[in-house]
Amino acid sequence: MLLLILCCSCKQSNTKHTARFLEQNLPFENTLKNATHLNILNYLYYYNGGGTALGDFNNDGLLDIYLTGNQTEDKLLINKGKLNFTSIPLPNNSSEFFSTGVTTVDINNDGLLDIYVCQVSNLLELKGSNRLYINQGSTNGLTTFIEDAEKYGLNLSGLFTQASFFDYDLDGDLDIFLLKHSVHPNSNYNKGTIRYKTDSTQGDLLLKNVNGYYIDNSGKSGILQTKISYGLGLSTSDINNDGYPDIYVGNDFFENDYLYINQKDGTFKEFNTTLNKLGHTTHFSMGNDITDLNNDGLPDILSVDMLPEKIETLKAAGTEYGYPIYQNQLRNGYQPQYMQNTLHLNRGDCTFSEIAFQSGIAATEWSWSPLAADFDADGYKDIFISNGIAGATNDMDFINFISDEAIQKRLGSGMNEEDLQLIKKLPSKKTPNYFYKNNGTIQFKDVTQEWFKKIPSLSNGASYGDLDNDGDLDLVINNVNAPAQLLQNKTREKDTTSYLKIRFKGDATNTQGIGAKLILHSKGTIQYFENSPTRGFMSSVPPEIVAGLGTSTNVDSLTVVWQDGSFQTLYDIASNQVLTLYRKDAGSNYYDIPKLPKRAYIKNSDIVLPYTHRDATSLDFNRDPLIPYASSNQGPKITVGDLNQDGLDDLVLLGAKSQATQISYQQENGSFLLAPLHKDQKHHINEDVYSIIFDANSDNKNDLLILSGGNEFTKGKPLEPRLYIQEPEGLRFRESAFSNIFINASTASAVDIDNDGDLDLSISADIVPREFGLTPSQYLFINDGTGNFTDVSSTYGKALQNVGNVHDVQWRDMDGNGYPDAVLAGHWMPITILLNNGTRLKRLKTNIESLSGWWNSLEVADFDKDGDLDIIAGNWGSNTRLKATKQQPITLYRSDFDDNGRVDPLVTYYYQNQETTIATKDELVKQLPFINKKFLSYNSFAKATVDELLPKQKLKDAYKKEVTELRSLYFENQGNGNFKPMSLPFLAQISSVFDIIIDDFDNDSYPDALLVGNNYEISTQLGRLDASKGLLMLNDTKGFFTEIHQQNFNISGPARSVSKLEIKGKTHYIVGLNSTSPLLLQKVED
Amino acid sequence: MNTFSKIFGVFVIVSTLWSCQNDAEPIVISPEHFHESIDRTTTVIIHDIFSPPVASRIYAYPSIAAYEILASNSEEFTPLAGQLNGLSEIPNAPTENYNPEVAAIVAHMDMSRRLIFSEDMLTSYRDSLYTVWSDQNKAEFETSKNYGLEVANHIVAWMDKDNYKQTRTMPKFAVTTGDESRWQPTPPAYMEGIEPHWNKIRPFVIDSASQFKPVPPPAFSMEKNSDFFKELKEVYDISQKITAAGDTSEEIEIAQFWDCNPYVSVTRGHLMFATKKITPGGHWMGITKIASQKANFDATQTMYAYTKASIAMADAFISCWDEKYRSNLVRPETLINDHIDDSWQPILQTPPFPEYVSGHSVVSGAASEALTSIFGDNFSFNDTTEIPYGLPMRNFKSFRQAAQEAAISRMYGGIHYRAAVDNGLDQGIALGKFVVNALTMQTSTQTASN
């Protein structure tokens, strides 16, 4: 029997030999044993593990391995070929030294690679200082080192995590950034301004190389040195491509990550805190890596966090604060951060879109080292992420356990041996490291099983390099309480891929050419690399580049740009070779070459409107903590039209609650003059969200309709539509027009529905105030020609009245009968078409009725010029954890689950094929305390299905709605109510689309589309939708659209509307942004 | 039925008969049973981390259920039906095989079980008692137990109308303005303000939550000479002085003794957890036990004391919370960190709700009046309540002295200004006296006058 099993397993492992990586243990283990003087409860980073550095220390052409140990000696393993290693002794290498990060550098410029090891010291009983091993060369095959940190001023003590050598001032020698972590009590975040107070023991350091000695230049260079920076991740890279290296620091806990942009004068400016250039970052930032992941020549930023992928771990782990408390953290001076990996796609000009969820890499458990490199040599960089934690201190059941008073007292009064037993109760979360394959469109597939296997481990620092010189990248991983691993890459044996290996010979004071860039053109694609060894977590890669070339046999061109700007281009280089590039062969300055300007279609305008929309903090989550998003942040629409009969486009600037609506009158010279809407500003309490300029009374003068909403009021005057009629003295409020009609409005149209020559009105509502998901009434009014409107919602508009939570309507003649039909977008509903026969509206049966979405917007045009009208519709997008299909929808249940007379709106979605609530246990039990009685432990809650969690009958009888599609789509009209739904391009899905404008931006007579959006007021469990910078999609004239990646305009922020206007004969677009100033863009005419 | 079950069936019948014939002994319930039930409830309240106002509700209703049963059977005591808002008479007691003390302890345990989360922490103890009593006198036990549960149902029906469930889904407290005078979440857990709608809970005796509305706190001002700023500075100065004197100073002992914060957040790395302690209500329930034992109270007298004290405290929380979210005043920690010393931490952890008035002061004032009306003014006692939580015993000459110390402890702890302590104590005393006068619990007045 036993034999049989063994045979089976043999056989199995034989058939699995197609794995891309073969595992081999290395003779090193980072063993950690909690002791009373040092353990996970008295040193919070006790389990962070050790680092890995790869480099050829004996110049034999074979990469060697350096592994750091925390409570064990570090180990240097010399590569003897065929992946055999032998260890050599190091001076001052003691298990008493708590080593952390390791990086290589030729610090004395003798052509021999030296080693710098960071360590934790001056904490508890930990002593010592950072060590610098100077390579003494090899005699008789034995390489020797001396420890000489003091000579260079680098024998520093403190809580060091990692170092990066780089030439920030471009003076030709290598300076150093030193990353430290902190042991400051991490929940007391207080005011973020603490970050500007220098703390010499815990603050990061920037040291300048002055004739071979390192001088602290931190203070003068704008580096934040604070006790609240828990620095765990460090990369240096020329992020904005200006020739000067920048710095990215990942900080654990509440402190922001730092994006230091080199100011070219020896100083840095931190762009995340001051300019919010990143939107949001990892909350519990660990390691990071900066490299170009979408082959556009711009480095992208990858940072990892601790979001569990397994649903049970996720639901049993502590997650983000609820929305109201989260706001407090923001008010205290911190940037938005969420527990998720982040991938900041570089959009050029220091603009980034965070796309980790859409790219499929947001959740990789408790992660340490992200390494982005082309492991399968197909020309696209893949991602390896190490993870696992010996003491998962975020396990809520453990937290409850340790909260026991008796245990607390023991921990408080100095720990003894017996107390160490408590640490054993900490769940050890061993998890398999991840491999993600880049599919070429910056979307990644989890190929852990295919490329390697899913074996749980506690893995920390890792590095890649071609250890067996076969042209592909092998991996070395440092593990806690297990041998370090070497993963031999068999790609070159397995596939017929080719490669190019590049080595650098720099100048005398930077022999390894650190900071050099490589731009590789092959078959119309670009690959971009930087020679920056410090990457991932506490680790560094060799100072060389291995580029995968897929099936190409040559490279069309290769440009190397050295740190001083000099460059060299080589053409038609054969693949599968090692190429050494010399700085002395390069010349002139790459950054002096005038760049070919990219074709621009629109650009940001310099015109600034003296108006700021001020929306109050959303109270939606205070009222309904279980909802996925707020409904109180829908404005402002900025409406364009001539309101003073001077032929110029004026602007209606709507005011949020307690802010008066104003009109901005355009002057002959193109400037705008702000004026009150009305002498008597009695409606400033209204949250105005939409307006239309139209001729209500058929006198050929524009009148104005203003609508309010905002989920602030449930009824009454603040929800009445307001009609202003143009009189000789200006706009006059016609109070009687819509009295006693209360609409929490979303949109409206003035359209001649009955073809009698005057403009009728449709007014739509998105919500019933304070009743999340309930269907509000829609309205239709017929104009008698003089501006008197009759409500025909229940007759003519019967099909419209209860159609759903409408966010957008376009009235267009879809069936060619001469009457405008309604095309509607809304939440919990499909794109719906109501045909108009001149007496009533009738729902058109379509094939897209099952595509229920959180549709915010739509536009109708004949995009493919086939004579019928097609539809573009803006939805929630794909860049959150939420996914929805017909089989696995998002479901709203409205029920009084706890019989207290109040309906609780509960929203579920499918995650890993299981229906689960968006709300966490902590949020749920506040609303529904009975859940605490049923599921005492987080563990039991995590295992419960939705119908175990909540009374079955209540779920069955609940008011239900569904969402089956979250992507923004293009619907090509194929006639007879048939539409072909097509997913809009990648960048259209990275955020919610709130408005779309159709125009011929490239003047090719085909209609194009500009999409705007973002949404900040969503559940903190879902993060924040801030990735959109506005997206121009050009009509490819073949029935689809082309997205513009690097655009010459930037619409950051929560955009709500975009409208076209003319200023001095030039086409402009104005974007309404929630709670900030509007943005003006100008069309570029060529 | 197969042979085995037949035999088994006969065995059951025989054994039942056997137990029936041996049930001559009556079930004896001592005051200790009631103390034990309350102590165990306190343990679960700590474990489940109920906030102080919610805990006061968990103490009150079970006590009332037990008291109503005992008082209905007593010459000395009068039931509370008709005296508490909305409480009607409990169902008539059985006439045969009935032991009111069994019914009362059953009602108390069942009510407590319903009000907490972790039921198994109570039910195993209950079941072991049930087994003993059932063995002692099955008929008496069953009759009394069923009646006790019937009364519990009666009390639950009344309790369910107190608006507690409705307040669960009312809007959470919102901090939206930049107004510095308004409360905002405090380190280290930055919890949202708890129970912002507690003033909508139906009170037991007082007419409305605002009946004992205190005078407003000193007007907010960061001017150095303003009363408000002086009080803020006083908190800081006292704290600095105490801290300099060290952990063994009288003030620190007092502060820690009366901490009574059920959720003290502790952070170690990614690990953030709460140390759990009793609530102010729990502390005074402990004092009630000590006094009852010292006075050799029987079961009915014991429940009388618990009931009166718990009602006074429950109303005190309603009254206090009404003011907290009315004045919505910022905690000293927030202002001291922003204006005086950004690394200052109070000796006690700031609890998650607005500052004015001090909850412990109001509740201690009310509880001390209730207990004084029962045990008299100069009733000295050794307060051992905090010993299980690692704190020493303290001796008090009277309940009122204890209440005064509890009140001032909040200033020593750095979590309240003086006005909140002084006005809070006044509010609690006034409310306590009102409750004492409003309720007729003893048939003939025997207590020392207050």
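Chain B has 15 helices and 4 strands. Helices here are DSSP runs of H or I with at least four residues, strands are runs of E with at least two, and both are numbered from the N terminus. This is a predicted model, so local features need pLDDT of at least 70, side-chain atom pairs count only at pLDDT 80 or more, and totals for chains, interfaces and linings use all residues. Residues are numbered from 1 along each chain as its sequence is written, while chains are lettered from A and ligands numbered from 1 in the order in which they are written.

Stay with chain B. Of its 450 residues, 53% count as buried. Buried means 20 or more other C-beta atoms within 10 Å of the residue's own; exposed means 12 or fewer; partly exposed is in between; and C-beta atoms are placed from the backbone. Now contacts. Two residues are in contact if their C-beta atoms, placed from the backbone, lie within 7 Å. Take the contacts in chain B between residues at least 6 apart in sequence: 81% of them join residues at least 24 apart.

Next, the domains. Chain B splits into domain 1, residues 27-163, and domain 2, residues 198-449. Those bounds come from an automatic or database domain assignment. Over C-alpha atoms, the centres of domain 1 of chain B and domain 2 of chain B are 27 Å apart. Where they touch, 40 residues of domain 1 of chain B are in contact with 41 residues of domain 2 of chain B. Which elements of chain B give two or more residues to the domain 1 side? They are α2 (31-48), α3 (52-72) and α4 (100-115) of chain B. The most comes from α3(B), with 12 residues. By class, that side of domain 1 of chain B has 21 nonpolar, 13 polar and 6 charged residues. For the classes, Ala, Val, Leu, Ile, Met, Phe, Trp, Tyr, Cys and Pro are nonpolar; Asp, Glu, Lys and Arg are charged; the others, Gly among them, are polar.

On to chain A. First, confidence. The average pLDDT of chain A is 92, and 95% of the residues score at least 70. pLDDT is the predictor's confidence in each residue, from 0 to 100. Look at residues 1-17 of chain A: pLDDT stays under 50 there, and the model has 0 contacts beyond four places in sequence for them.

Now a run of strands in chain A. Two strands pair if DSSP finds at least two bridges between them. Start at β14 (residues 230-237) of chain A. It is joined to β15(A) by 7 bridges, and the two run antiparallel. Tyr230(A) stands opposite Asp252(A) in β15(A). Is β15(A) enclosed or open? 7 of its 7 residues are buried, so β15(A) is largely enclosed by the rest of the structure. Both faces are covered, with Asp246(A), Tyr248(A), Gly250(A) and Asp252(A) on one side and Ile247(A), Val249(A) and Asn251(A) on the other.

Then comes β16(A). Strand β15 (residues 246-252) of chain A pairs with β16(A) in the antiparallel sense, over 3 bridges. Val249(A) stands opposite Tyr258(A) in β16(A). This hairpin has 5 residues between the strands, and Phe253(A) takes a positive phi near 60°. Strand β16 (residues 258-262) of chain A is mostly covered too, with 5 of its 5 residues buried. Tyr258(A), Tyr260(A) and Asn262(A) point one way from β16(A); Leu259(A) and Ile261(A) point the other way. On to β17 (residues 268-270) of chain A: 3 bridges join it to β16(A), running antiparallel. There, Asn262(A) has Phe268(A) as its bridge partner. In the hairpin of β16(A) and β17(A), Lys264(A) has a positive phi near 65°.

Another sheet in chain A. It is open, has 4 strands in the order β35-β34-β39-β40, and the pairing is antiparallel. β35 (525-530) and β40 (567-574) of chain A stand at the edges with a single partner strand each, so one side of each has no neighbour in the sheet.

Last, some backbone details. Most residues other than glycine have a negative phi, and most peptide bonds are trans. Asn140(A) has a positive phi of about 55°. It is found in the loop between β8 (131-139) and β9 (142-147) of chain A. Asn140(A) is exposed, with 4 other C-beta atoms within 10 Å. A cis peptide bond joins Gly635(A) and Pro636(A), with omega about -5°. In chain B, the bond from Tyr356(B) to Val357(B) is cis, with omega near -5°.
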